[in-house]
Amino acid sequence: MSIITNLTRMWLTRSCKPFIFKNDYDQHLPYADCDNLGLYVHIPFCKSICNFCPYCKIKYSKELCDRYIDALIREIHIVGGQYRGKKKSTSLYFGGGTPALASNRLKEIIDAVQEHFVITEGIGVELHPDNVVPSVLHTLREAGVTKISIGIQSFQKNFQEILGRTDIKIQKLKEILYEVSFETVSMDLIFALPGQTFDSIKSDIETAFQIGANHVAIYPFIDFTFTSSTVTTMPKKEKKALLDAVTNYCAEKGYTRNSIWTFSDSQHAKYSSMTRDNFLGFGCSATTLLKDQFKINTFSVEEYCGRIDEKMLPTSLTLRFTLRQRMVYYLFWTAYSTQVNEFEFKKFFGISLKKMYGIELKIAKWLGFITEQDGVYSMTLKGAFYYHYYENFYTLAYIDKMWRIMKNEAFPQMIEL
Ligand SMILES: C[S@@+](CC[C@H](N)C(=O)[O-])C[C@H]1O[C@@H](n2cnc3c(N)ncnc32)[C@H](O)[C@@H]1O
Ligand code: SF4
């Protein structure tokens with residue numbers, strides 16, 4: 001598996017040099033001249049822990065959560081205070097864990113962010129279905145939240161049981177979402193679970209749109225090596241047939257494909273913290289992507305608070321890019337939106353995409369992975385599947401390895417990927 005990702009990396013970066021993450025870091029982050037800057041805040045608390053979940057999370061306790069949020073606000077001020085005036089940023093997303101568990105403190109965090117940043121495209125928060133109650137939704141709205149994303153996984157009992165998730169009261173959910181509205185209501189669904197058929201996913205997608213979602217994220221199930229999940233993964237052929245059937249179905253229904261795994265039933269419904277040219281991440285495990293570096297915060301809540309107490313940034317590792325490495329990051333994350341625009345690439349790097357990756361674009365076109373119109377490269381159905389398939393390799397070879405180490409060590413010396 002890592003052979004595929006390593007060869008691809010060497011080919012696209014034109015170098016044998018791996019991605020080297022070291023435990024050195026900048027106290028002053030160079031984001032002042034970054035355009036299209038997204039913001040991400042991680043809240044790592046959950047009421048109960050799902051055994052399939054790879055994210056940085058810890059069992060909720062009010063005392064620890066409050067201490068963590070105090071530290072988080074200080075991290076926001078340390079980083080935000082490095083820029084004179086207010087920096088324009090596209091969006092602010094709260095992920096986790098289950099950030100809605102801290103709904104009563106989100107306004108404080110948002111206020112801290114808004115002291116330093118002007119957010120132009122709204123604020124998003126992730127919720128567990130148990131958090132979808134009127135009081136929480138009203139609190140979120142009053143705090144300025146415009147988008148919510150609910151971790152449904154499946155509306156069907158047998159798949160909920162496979163994942164160890166509790167039953168969802170569909171009618172109740174519908175009534176509450178009708179009572180308190182948001183610009184985007186997204187629902188996460190997981191596909192490629194054992195025994196899942198096109199009809200069962202179709203039914204989940206339809207239920208989601210019927211009860212108040214205007215956006216769905218249909219994630220392929222990934223079996224991370226460090227989780228204790230016992231779910232078996234679906235063979236490639238079956239998974240491809242399922243993903244193609246879902247994509248065709250969504251196209252027939254007129255849903256817009258916003259990214260590889262997300263579909264919406266209205267143009268303005270968007271929920272994505274990933275497709276930004278640059279982003280700043282706050283909190284445990286949060287990543288920051290800037291022009292010349294990618295950095296990742298410690299996964300340990302205690303060590304995170306400790307660093308902030310010392311007025312230091314909680315960065316655990318930093319990758320300093322070569323130009324080609326940065327281009328690969330750019331293309332990988334931009335392609336997640338299913339499109340790459342050559343004018344945007346030129347604006348970002350000052351070099352033409354064709355000049356840097358002309359051969360690869362020709363091969364991708366020849367293989368039927370992409371089409372080109374007026375400088376915009378769009379993924380075909382086949383291309384989207386292979387991106388998705390490669391992403392799975394990338395996740396297991398890179399993210400799995402890194403997160404496995406980071407979960408055990410707050411500040412590792414170095415990680416090579
Ligand atoms: C942070 S959780 C969402 C909010 C909330 N904590 C919840 O679980 O309802 C993010 C999403 O990641 C997805 N996810 C978690 N583990 C996954 C895995 N092993 N494979 C694929 N998707 C996964 C789930 O769809 C989940 O809703
Ligand atoms: S899936 Fe959601 S609720 Fe479950 S452990 Fe992960 S973040 Fe927590």
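Which residues come nearest to ligand 1? Of the 18 residues around ligand 1, H128, G151, D188, Y219 and I222 come nearest, where a residue counts as near a molecule if its C-beta atom, placed from the backbone, lies within 6 Å of it. This is a predicted model, in which local features need pLDDT of at least 70 and side-chain atom pairs count only at pLDDT 80 or more, while totals for chains, interfaces and linings use all residues. Residues are numbered from 1 along each chain as its sequence is written, and chains are lettered from A and ligands numbered from 1 in the order in which they are written.

**Ligand surroundings**

- The elements that give two or more residues to the shell around ligand 1 are β6 (92-96), β9 and β10 (184-191); helices (H or I, at least four residues) and strands (E, at least two) are DSSP runs, numbered from the N terminus.
- By class, the shell around ligand 1 holds 10 nonpolar, six polar and two charged residues. Here Ala, Val, Leu, Ile, Met, Phe, Trp, Tyr, Cys and Pro count as nonpolar, Asp, Glu, Lys and Arg as charged, and the others, Gly among them, as polar.
- Around ligand 2 stand C46, I49, C50, C53, Y55, K57, G96, G97, T98, H128 and G151.
- The shell of ligand 2 divides into five nonpolar, five polar and one charged residues.

**Domains**

- The domain assignment of the protein chain gives domain 1 (1-17 + 323-410) and domain 2 (25-264), with bounds that come from an automatic or database assignment.
- The centres of the two domains, taken over C-alpha atoms, are separated by 24 Å.
- Domain 1 gives 14 residues to the contact and domain 2 gives 13 residues, two residues being in contact if their C-beta atoms, placed from the backbone, lie within 7 Å.
- On the side of domain 1 that touches domain 2 there are six nonpolar, five polar and three charged residues.

**Nonpolar cores**

- The largest nonpolar core has 91 residues, of which L189, F191 and V216 touch the most other members. Such a core is a set of buried Ala, Val, Leu, Ile, Met, Phe, Trp, Tyr and Cys residues joined through C-beta atoms within 7 Å.
- Helix α2 (residues 62-80) supplies the largest share of this core, six residues.
- Domain 1 and domain 2 each contribute at least three residues to this core.
- Another core, of five residues, lies apart from it and includes F21, I296, L317 and L319.
- Leaving aside neighbours within four places in sequence, V216 is in contact with S186, M187, L189, I205, A208, T262 and F263.

**Helix α4**

- In helix α4 (residues 134-143), the buried residues are V136, L137 and L140. A residue is buried if 20 or more other C-beta atoms lie within 10 Å of its own, exposed if 12 or fewer, and partly exposed in between, with C-beta atoms placed from the backbone.
- Seen down the axis of α4, its buried residues fall within an arc of 95 degrees, so they line one face of the helix; the arc is that of the directions from the helix axis to the C-beta atoms.
- P134, S135 and E142 are exposed residues on the face of α4 turned away from its buried side.
- The cover over the buried residues of α4 includes α3 (103-116), β8 (123-127), β9 (147-153) and α6 (170-179).
- G144 follows α4 and has a positive phi, near 105 degrees.

**Partly exposed residues**

- Y249 is found in helix α8 (residues 236-252) and counts as partly exposed, with 16 C-beta neighbours inside 10 Å.
- I405 lies in helix α13 (residues 381-408) and is partly exposed, with 17 other C-beta atoms within 10 Å.
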